[in-house]
Amino acid sequence: MKTRKLALNAVLAAMCAALGALALDLNSIKITFESFPILLGALLFGPLDGLAVGFVGTLLYQLLRYGVSVTTPLWILPYMLAGLVTGFYAKRRGFSLTAKQTVGIVVAAEALVTALNTLVMYIDARIYGYWFPGFISAMLLPRGAVCIVKAVVFGLVLPKLCARVRRALPGEGEKTHGA
């Protein structure tokens with residue numbers, strides 16, 4: 001792995017942890033931008049980098065905010081999968097996505113995170129005895145709305161940011177895409 005790519009992945013993972021900590025937490029609705037650096041890493045470098053940024057960034061956030069619990073791996077998994085899926089899609093398209101394709105994959109990744117986080121919330125609530133299933137399922141619609149709005153904004157910003165980052169990584173070219 002190239003030094004620049006490794007350094008950028010480390011920065012993205014740190015950003016993920018920091019953005020997770022800066023979330024607006026309204027009980028079962030969490031407005032956060034922690035997935036943004038994961039998606040950026042996946043769109044720039046591919047599935048393994050997206051997975052790694054998602055794993056390290058979310059692990060750091062979980063450990064710093066909540067410590068270790070039985071469900072810690074379950075809370076990390078959605079972000080890892082979002083990075084993996086987004087990275088596979090970008091790699092399959094040769095890392096040359098249109099704005100529409102970027103919005104589409106980001107919406108799909110954010111929907112995946114929201115759905116899996118809702119499932120993890122249910123499991124966590126059953127284990128630790130908070131909230132009841134009806135409340136969690138009733139909150140799915142507002143959580144989904146936040147997810148879609150956030151994903152569309154991310155999808156519109158990410159193509160321009162990816163282009164700028166690629167230009168700032170001279171000498172990396174196509175070699176950065178080998179994930």
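Analyst: Happy to! Let's start with a rule for aromatic rings: rings of Phe, Tyr and Trp (its six-membered ring) pair if their centres lie within 6.5 Å, and planes under 30 degrees apart count as stacked, over 60 as edge-to-face and the rest as tilted. Phe33, Phe36 and Phe154 form one aromatic cluster. Bear in mind that this is a predicted model, where local features need pLDDT of at least 70, side-chain atom pairs count only at pLDDT 80 or more, and totals for chains, interfaces and linings use all residues. Residues are numbered from 1 along each chain as its sequence is written, and side-chain values use heavy atoms, with hydrogens and water left out.

User: How many aromatic pairs does that rule give?

Analyst: The count comes to three.

User: Why is the pair of Phe33 and Phe154 called tilted?

Analyst: Their ring centres are 5.8 Å apart and their planes stand at 50°, so the pair is tilted. Phe33 sits in the loop between strand 2 (29-31) and helix 2, and Phe154 in helix 7, so the pair ties together parts that are 121 residues apart in sequence. Helices (H or I, at least four residues) and strands (E, at least two) are DSSP runs, numbered from the N terminus.

User: What makes Phe33 count as partly exposed, and what makes Phe154 count as buried?

Analyst: Buried means under 20% relative accessible area, exposed over 50%, and partly exposed in between (1.4 Å probe, protein chains only). Phe33 has 44% relative accessibility, so Phe33 is partly exposed. Phe154 has 4%, so Phe154 is buried.

User: Which residues touch the most other members of the largest nonpolar core?

Analyst: A nonpolar core is a set of buried Ala, Val, Leu, Ile, Met, Phe, Trp, Tyr and Cys residues joined through side-chain atoms within 4.5 Å. Of the 25 residues in the largest one, Leu39, Leu40, Leu43, Leu44, Val106, Phe154 and Leu158 touch the most other members. Helix 2 gives the largest share, seven residues.

User: How do you know that the span of helix 4 is close to the expected one?

Analyst: The expected span is 1.5 Å times one less than the number of residues. Helix 4 has 21 residues and reaches 31 Å from its first C-alpha to its last, close to the expected 30 Å.
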